[in-house]
Amino acid sequence: MTRSANRIASLPQGVEGMTGSMLKPESLSAVFAGADKLFLITPLDRDETAQGIDAVDAAVAAGIRYIVYLSGAPR
């Protein structure tokens, strides 16, 4: 997922990109449609927790069965 449709054009052949934003939870249902697994990395941001919860809620609503969440801040 990327916020910029221009970045999708630069993906390698065979890789499907979707446009969406963690800051716009309403965009996530279309991104997650048809998927059954999610590898979730939230941005290191003051709203990281809220963005993660929104993403998990949208994933569950879309029928995603497996979620792997990567958390950690570099120091």
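I checked the length of helix H3 (residues 48–62) first. At 1.5 Å a residue, its 15 residues should span 21 Å, and the end C-alpha atoms are 21 Å apart, which agrees. The expected span is 1.5 Å times one less than the number of residues. Helices (H or I, at least four residues) and strands (E, at least two) are DSSP runs, numbered from the N terminus.

This is a predicted model; local features need pLDDT of at least 70, side-chain atom pairs count only at pLDDT 80 or more, and totals for chains, interfaces and linings use all residues. Residues are numbered from 1 along each chain as its sequence is written, and side-chain values use heavy atoms, with hydrogens and water left out.

**Faces of H3**

I listed the buried residues of H3: Glu48, Gln51, Gly52, Ala55, Ala58 and Ala59. Seen down the axis of H3, they fall within an arc of 130°, so they line one face of the helix. The arc is that of the directions from the helix axis to the C-beta atoms. Buried means under 20% relative accessible area, exposed over 50%, partly exposed in between (1.4 Å probe, protein chains only).

I then looked at the face turned away from the buried side. Thr49, Val60 and Ala61 are the exposed residues there.

What do the buried residues of H3 pack against? I found helix H2 (28–32), strand S1 (37–41) and strand S2 (66–70). Contact means heavy atoms within 4.5 Å.

Glycine 63 follows H3, and its phi is positive, near 95°. Leaving aside neighbours within four places in sequence, alanine 35 is in contact with Gly63 and Ile64. Alanine 35 and isoleucine 64 are 29 residues apart in sequence but 6.0 Å apart in space, C-alpha to C-alpha. Alanine 35 is partly exposed, at 29% relative accessibility.

**Salt bridge**

I counted 1 salt bridge, defined as a side-chain nitrogen of Lys or Arg within 4 Å of a carboxyl oxygen of Asp or Glu. Lysine 37 and aspartate 36 form it (3.5 Å, N to O). Lysine 37 is exposed at 55% relative accessible area; aspartate 36 is partly exposed at 37%.
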